[in-house]
Amino acid sequence: MSRGQVRCGQAPPGGVLYSMAVALVVLTSSAVLGAHWDHSVFLDGDYRLLWSISGSDITFEVQVRTHGYIGLGFSKDGTIYGADIVIGWVDVGQVHFQDRHVKKNGDGQPVVDSSQDYVLLLGYENQTHTVLRFKRKLDTCDVAYDVPITNDTMRVIFMYHDEEPHGSSYTPGSLPDPAEAFKQARSLFLTQRVNQAPIKLDARMKIMELRNQDVELPRADNTLHWCKMFKLSDINRKHHLIRYEPVFDSASSVPYLNHIILHECQGSSPELEIMSRENGRPCYQADRSILTCNSIVAAWTRGSEGFSFPAEAGYPLDSNQARFYLMETHYSSSLEFEENSASTVKGKVMVDNSGLKIYYSSALRSHDAGVLSVGMDPNWRHIIPPGQEHVVSEGHCVGECTQKAFPRDGINIFAVMMRTHQIGRQIKLRQIRYREELLPIAHDTNMDYNYQEYRRLNSPTRVLPGDRLIAECIYDSSNRAAITLGGLTTREETCLVLTLYYPRQKELTTCHSLPSLPTVLHSLGINELVPGSNPVQIASPTALAGMTLETRLISYDWRHNFKSFQYVTRKGSFKPLCWSAKNQPLAGTESLDGFAPNITKSYKLPKSCSPQQKQRRQTRRPQPGQRVLPEQPEPVRDRVGIERRSVRPE
């Protein structure tokens, strides 16, 4: 019998306690082809992952170009140490499959779990690939060894090797070269991933590419914000933007791209017309106050594949309403990848022509979609002290602003993009109604700066006029010796949540806040500044008189004063910044003062596992021997294509 064929197998001899070897589950052709996958991604050129979620279960299929063993797992930090992983291989038609883990302080060998929480559904080999299909609970309640699959950014780890263990050995050290088999980690949204299935083109669909033109990329650890204006005058009736995706100039320029944001500009002006005839300019050279480009149309960040709108909504495009669009591209350089890039070859300057590809259709959907930005305004008043593992910052969209802007029935948020820079670790979009805090609209406790794309909410969240939204960010500055300030560069920090919603309204597009100057001074132990001083000097208290504000920021004893600083910044006053699509403050909000909400009723997160379930999981052991299903007459060895990347979802 060849490797690609299948036969019934027996449990490992001697009734090995931790054995999870099972006979190959052979299905009829129709059953195999009947599988449906909501998502798929190539983790590398030889490893494809497919998955779907149903209720509390998640089903995976891995299709790997190897005849050795393969693994899929989850890690909190992207390393194999402390990872939850499943290992499997096919040996002479028999599938070996185990739920394993890697000890945090171990040697990197995946050890078989005492509680087997993955269920094998299908396994086989063909001439080129090994395929395993299996399922598990999103939360297996195995607190000792399994990583819950949640709405957090999941670090997916994957392994494969050309060899497999001899026979059915599960003893420690039996896997050939785990360090070599471990490829890398990939950050993914597993539960809230946007479905980027191939789009169906028809006569009503149009495609447009908006690209930069020969932008010189920054060098030597610098940052560049580049603004390119486009005039779209030929969309002579309303269309809906239904999808956008990045268009990269070359693989060598991709590492420089941090984010691309497309803004809609209101009205028409000589400045807009002039900019539309240029190749672009650094954004700081443009007078943003007269550009009236304060509505976000599309947002791409590093690691994203783009966004497809749900069937009920699309972003409205109509030259009669808006014909100018500003594309802002954030380029950042680091010496690490610049040393290996073409920009250093013979002193040549590297240029980029990347941008966005947009799909828009005259077949209108039920709702116009809009984007509302919630968070901290990028400004030096956003201070993150050094040497701290848990620094909380909050950006408020106050109820006075949503009351003025939102329609009577409110808006429905259906997707969010949560953004910090390098030291951001957690972010939450909170919702306050009167004095009650509702369940968070979105929450990620394991953020990855290099993967911050839109995530689709399981169901739209209604936000009513008068509701307050809060973007709460948690930073880890323990590895920084100096303070971090809010700003646009990657070395600075941000705390923003972009919300996609319907129905669209133009009254409120940016809903940020900023700590008031008295709050900032109080948090630093400063009573008063010297009026008109440059550089800014401290007037009182007496002990600080004459010191510059910059010196105080640098020399402040953050280790001893951090708790008081944190209390003042979270409880002190702040300035609400509520701006319209025309880049103007919402009428009546110019003189608002904001304060932390007085919450009298909070939410309770539902528990996925009871203490009894956790206890049972910790004590449950696999039984010797496994059920063997009868062999079916039709083998499925050819369900995976022979050619590279020819594996297709059933």
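1. Strands and helices here are DSSP runs, numbered from the N terminus: helices are H or I with at least four residues, strands are E with at least two. Cys141 sits in the loop between strand E10 (130-137) and E11. The model is predicted: local features need pLDDT of at least 70, side-chain atom pairs count only at pLDDT 80 or more, and totals for chains, interfaces and linings use all residues. Residues are numbered from 1 along each chain as its sequence is written, and side-chain values use heavy atoms, with hydrogens and water left out.

2. Check the backbone at Cys141. Its phi is positive, about 70°, although Cys141 is not a glycine. Most residues other than glycine have a negative phi, and most peptide bonds are trans. Cys141 counts as buried because its relative accessibility is 5%. Buried means under 20% relative accessible area, exposed over 50%, partly exposed in between (1.4 Å probe, protein chains only).

3. Asp177 also has a positive phi, near 45°, and is a residue other than glycine. Asp177 lies in the loop between strand E11 (154-160) and helix H2 (178-181). With a relative accessible area of 44%, Asp177 is partly exposed.

4. Asp177 belongs to a negative surface patch, together with Asp162, Glu163 and Glu180. Patch residues have over 30% relative accessible area and no salt bridge; like charges are joined within 9 Å, nonpolar side chains (Val, Leu, Ile, Met, Phe, Trp, Tyr) within 5 Å. A salt bridge is a side-chain nitrogen of Lys or Arg within 4 Å of a carboxyl oxygen of Asp or Glu. Asp and Glu count as negative, Lys and Arg as positive; His and the chain ends are not counted. The charge is placed at CG of Asp, CD of Glu, NZ of Lys or CZ of Arg. Accessible areas use the Shrake-Rupley method with a 1.4 Å probe; for residues, only the protein chains shown count as cover.

5. Strand E17 (residues 257-265) is mostly covered, with nine of its nine residues buried. E17 runs antiparallel to strand E22 (residues 324-332), joined by eight bridges. Six bridges join E17 to strand E19 (residues 295-301), also antiparallel. Pairing requires at least two DSSP bridges between two strands. Glu264 stands opposite Tyr325 in E22. In E19, Glu264 has Ser295 as its bridge partner.

6. Two proline sites deserve a look. The bond from Asn534 to Pro535 is cis, with omega near 5°. Pro535 is in the loop between strand E38 (528-529) and strand E39 (538-540). Ser540 and Pro541 are joined by a cis peptide bond, with omega about 10°. Pro541 is in the loop between E39 and helix H8 (549-555).
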